[in-house]
Amino acid sequence: MVKQEVRPGIWRISFEWRANPQARTNEVYVINGQEKTLIVDTSKPEVVPFDLLLEAIDSTGAHLANAEVVLTHRHLDHVGNANGFINAGFPVFALEQEPYAPCNEVDSSYFLDLAGVPELHRDCFSSSYIEMSFCHDLNNGAIFHIEDSACVNVAPYNFLVVETPGHSLDSCCLYDPDSKVLLAGETIAAGFIPPVNTTMLDMDK
């Protein structure tokens, strides 16, 4: 685990992701305001167990008694620990649930096409892709709905929710125009060309 205070009160906690050599790390952001803490994304238990994640967040000086979670999208590596936060009493927020998520190998092949996975490797990827990307046991009924353009105040930061469909239909960014801080989730993929990360090329399937 690596912790870095990237701006005053804003922490990037990076966990090694051995199972994904392309990404290599999985990030959670913690914004410690004057009276409140905002946690952005939750990683997943296979990368960091929930209790260890909570310890890492606490070690930044977080106000855990007054903290809430915002999910940038519902892919497993961003929401895998969300049920842990829900069960512990933290309010969890996200845009409306993505209406399309593959539930079988035929459906998942659509996303494998977009990801550019060769036909030769489909047999080993198709069945695992569903489990890798979509959190089917996520307690969506306990997640609070946020709207595009909503404000999330964590003084001195005031983040604007920006709906950014592309990487998924339910993707969003958080942007504070005063400090020019952008928490992009996977809307922007550093090191990739183009840097705007989209698998939403034909969502009327």
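The largest nonpolar core of this predicted model has 28 residues, and Phe15, Ile57, Leu71 and Phe85 have the most contacts inside it. A nonpolar core here is a set of buried Ala, Val, Leu, Ile, Met, Phe, Trp, Tyr and Cys residues joined through side-chain atoms within 4.5 Å, and buried means under 20% relative accessible area, with exposed over 50% and partly exposed in between (1.4 Å probe, protein chains only). At least two residues of this core come from each of strand 2, strand 3, helix 1, strand 5, helix 2 (76–79), helix 3 (82–87) and strand 6 (92–94). Helix 1 gives the largest share, four residues. In soluble globular proteins, nonpolar side chains tend to be buried together.

Take Phe15 as a place to start. Leaving aside neighbours within four places in sequence, Phe15 is in contact (heavy atoms within 4.5 Å) with Met1, Arg24, Thr25, Asn26, Val28, Val47, Val48, Leu53 and Ala56. A second, separate core of 17 residues includes Val70, Leu95, Val181 and Leu183.

Now for the sheets. Helices (H or I, at least four residues) and strands (E, at least two) are DSSP runs numbered from the N terminus, and two strands pair if DSSP finds at least two bridges between them. Seven strands form an open sheet in the order 1-2-3-4-5-6-7, with mixed pairing. Strand 1 (2–7) and strand 7 (144–145) each have a single partner strand, so one side of each is left without a neighbour in the sheet. Strand 4 (residues 37–40) and strand 5 (residues 67–70) run parallel and are joined by four bridges; here Ile39 stands opposite Val69. Helix 1 (residues 50–58) lies across strands 1, 2 (10–16), 3 (25–32) and 4, running at about 150° to strand 2. Such angles run from 0 to 180 degrees between N-to-C directions of axes, which are lines fitted to C-alpha atoms, for helices over the stretch in contact.

The other open sheet has four strands in the order 8-9-10-11, with antiparallel pairing. Its edges are strand 8 (151–154) and strand 11 (181–183). Four bridges join strand 8 to strand 9 (residues 157–163), and Val154 stands opposite Tyr157.

Finally, look at Asp170, in the loop between strand 9 and strand 10 (172–176). Asp170 is buried, with a relative accessible area of 2%, and its side chain reaches the backbone nitrogen of Arg74 at 3.2 Å.

Residues are numbered from 1 along each chain as its sequence is written, and side-chain values use heavy atoms, leaving out hydrogens and water. In this predicted model, local features need pLDDT of at least 70 and side-chain atom pairs count only at pLDDT 80 or more, while totals for chains, interfaces and linings use all residues.

Definitions and conventions:
Polar contact = N/O pair within 3.5 Å; in protein donor to acceptor, adjacent residues only side chain to side chain.
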